[in-house]
Amino acid sequence: MGGQPMQVWEVFRREREGGAMQHAGNLLAPDAELASHYAREFYGRRQESVRLWVVPRAAILELDDPDLLQPPFDRSFKKPAGYSTEIKAKLAAARARAGGAGEAGE
Amino acid sequence: MSDSRRVQAFNRHVASGGKVEATDWMPEEYRRAVRRFVEMHANSELMGVLPEREWILRAPTLKRKLALSAKVQDEVGHAQLLYRVAEDLGKPREEMLADLLAGRTKFHNVFHYPTRSWADVGIIAWLVDAAAIVAQQALRESSYAPYGRTMKKICWEESVHILHGRDVVLTMMNGTARQRALVQDALERWWGPLMQMHGPRTDPAKDRDLAWRIKNKDNETLRQEFLTVYVPRIREIGLRIPDPELRQDPDSGRFAYTEPDWKELYAVVTGHGPRSAERLEFRRLNYADTQWVRDTVLAAPVAA
């Protein structure tokens, strides 16, 4: 091998206009010019991408600490599944059909 | 955490369907096993284009020539992607190519055989790629996530190859008696290697690649899946499968077949197939011929 150190480049691709950039894979190249040729050849040859991002792996700031991203507390109130509105709606409707909304609280 | 506890935690993680990324910690044995698996796959993609490449200049029409060239280009592209996955696990690409050219590492049995007529091109693209995709689809769920993601892209392209091959075979089967005979002849020569391709039945309990979920299906399961889909498709277009023992159990759905020639498989993948030496020699010449490109591309930049 010659004088240039090789570098890992991560490739992201957009499949269609308006879509998210998604990770496609990575490649090894000595410089940005060759990296863009490889990226085009590997991830755009079949017209499967409308845009590519080619990023040196070293430039990616990675966060994967579960204490930050998956804290152990119950956060179900932040999600649709955290609310059982269907059952409560049925109960309320049944109560209404039975005539007379009572005093029943929570 | 102590090393053995770390390994146990890792084993539990992958056994329960957990994924591993290139930058994650992994036991050295797992790293080696994935690398060996992916390296053999990459070698096969690279060597696998040679039997078909021989037919680019002899393709019967311009459309077939374009399709075959695109397929060959795809397979080399798959080799590039897979060598990259293997390289990320710690073995330089030059070393992998050197090992392949020296015969120290293997490539799949089906790429050691000659292609005698245009019908071989159809049978390879249809049935060899179909047998391969059965295995490759299972690999999309590999515990080694970069490999699984690469397989999704590869399977998408392989499915085009199968259609191309099926189209070639169907065109010939709708042609003259001589064309039909060529397809039948190709099927008879390729059936043995096809039945050997997924490898002998092994004890899944002893297969570490399965325990780590590097792959998710054992050899016999893959062969049965291939037979279940393709035996009816081969027969419905008027081809005869050259195995008098081949029959499907009506209750279990499993196929019985003549025991494949495992000695042949072993001889072929260790470099003693009918075209092993010739194909490796072609790769060596090609590698030497293109050395100047690598030297130029990788040379230190000249100061302006």
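**Chain B, order of elements**

I started by walking along chain B from the N terminus, and its elements run α-α-α-α-α-α-α-α-α-β-β-α-α-α. In total I have 12 helices and two strands there. A reminder to myself: this is a predicted model.

Taken along the principal axes, its C-alpha atoms fill a box of roughly 70 × 65 × 30 Å. I also noted that 33% of the 304 residues are buried. Then I checked contacts between residues at least 6 apart in sequence: in chain B, 75% of them join residues at least 24 apart.

Chain A follows the pattern β-β-α-β-α-α along its sequence. That comes to three helices and three strands. Is chain A compact or spread out? The radius of gyration is 26 Å, well over the 13 Å from the globule rule for 106 residues, so chain A is more spread out than a compact globule. The C-alpha trace spans about 85 × 35 × 15 Å along its principal axes.

Buried residues make up 13% of the 106 residues here. Of the chain A contacts between residues at least 6 apart in sequence, 43% join residues at least 24 apart.

**Where the two chains touch**

I then looked at the contact between the chains. It takes 12 residues from chain A and 13 residues from chain B. Which elements of chain A supply at least two residues each to the side that touches chain B? My answer is strand S2 (22-29) and helix H1 (32-43). S2(A) gives the largest share of that side, with four residues. Sorted by class, the chain A side has six nonpolar, five polar and one charged residue.

**Helix pairs in chain B**

I picked helix H5 (residues 118-139) of chain B and checked two partners.

The contact of H5(B) with H6(B) has 18 nonpolar, eight polar and three charged residues.

Is the crossing of H5(B) and H7(B) left-handed or right-handed? I have it as right-handed. From H5(B), the residues in this contact include B:Ala119, B:Gly122 and B:Ile123, and from H7(B) they include B:Leu182, B:Val183 and B:Trp190. By class, the contact of H5(B) with H7(B) has 11 nonpolar, one polar and two charged residues.

**One residue up close: B:Met172**

I clicked on B:Met172, which sits in helix H6 of chain B. Why does B:Met172 count as buried? It has 24 C-beta neighbours inside 10 Å, and the cut-off for buried is 20 or more.

Leaving aside neighbours within four places in sequence, I listed the contacts of B:Met172 as B:Ala119, B:Gly122, B:Gln179, B:Arg180, B:Leu182 and B:Val183. B:Gly122 is 50 residues away from B:Met172 along the chain, yet their C-alpha atoms are separated by 9.1 Å. I also went back to the contact of H5(B) with H7(B): B:Ala119, B:Gly122, B:Leu182 and B:Val183 are among the residues that make it.

Most residues other than glycine have a negative phi. I looked up two that go the other way.

A:Gln47 has a phi near 55°, a positive value in a residue other than glycine. Where is A:Gln47 found? I found A:Gln47 in the loop between H1 and strand S3 (51-56) of chain A. A:Gln47 is exposed, with 6 other C-beta atoms within 10 Å.

B:Arg213 also has a positive phi, about 60°, although it is not a glycine. B:Arg213 lies in the loop between helix H8 (208-211) and helix H9 (219-236) of chain B. I count 18 C-beta neighbours inside 10 Å for B:Arg213, so it goes down as partly exposed.

Definitions and conventions. Residues numbered from 1 in each chain as written. Chains lettered and ligands numbered in written order. Predicted model: local features only at pLDDT ≥ 70, side-chain atom pairs only at ≥ 80, totals over all residues. Contact = placed C-beta atoms within 7 Å. Nonpolar A, V, L, I, M, F, W, Y, C, P; charged D, E, K, R; others polar. Rg over C-alpha atoms; globule rule 2.2 N^0.38 Å. Buried ≥ 20, exposed ≤ 12 C-beta atoms within 10 Å, placed from the backbone. Left-handed = near helix turned anticlockwise from the far one by under 90°.
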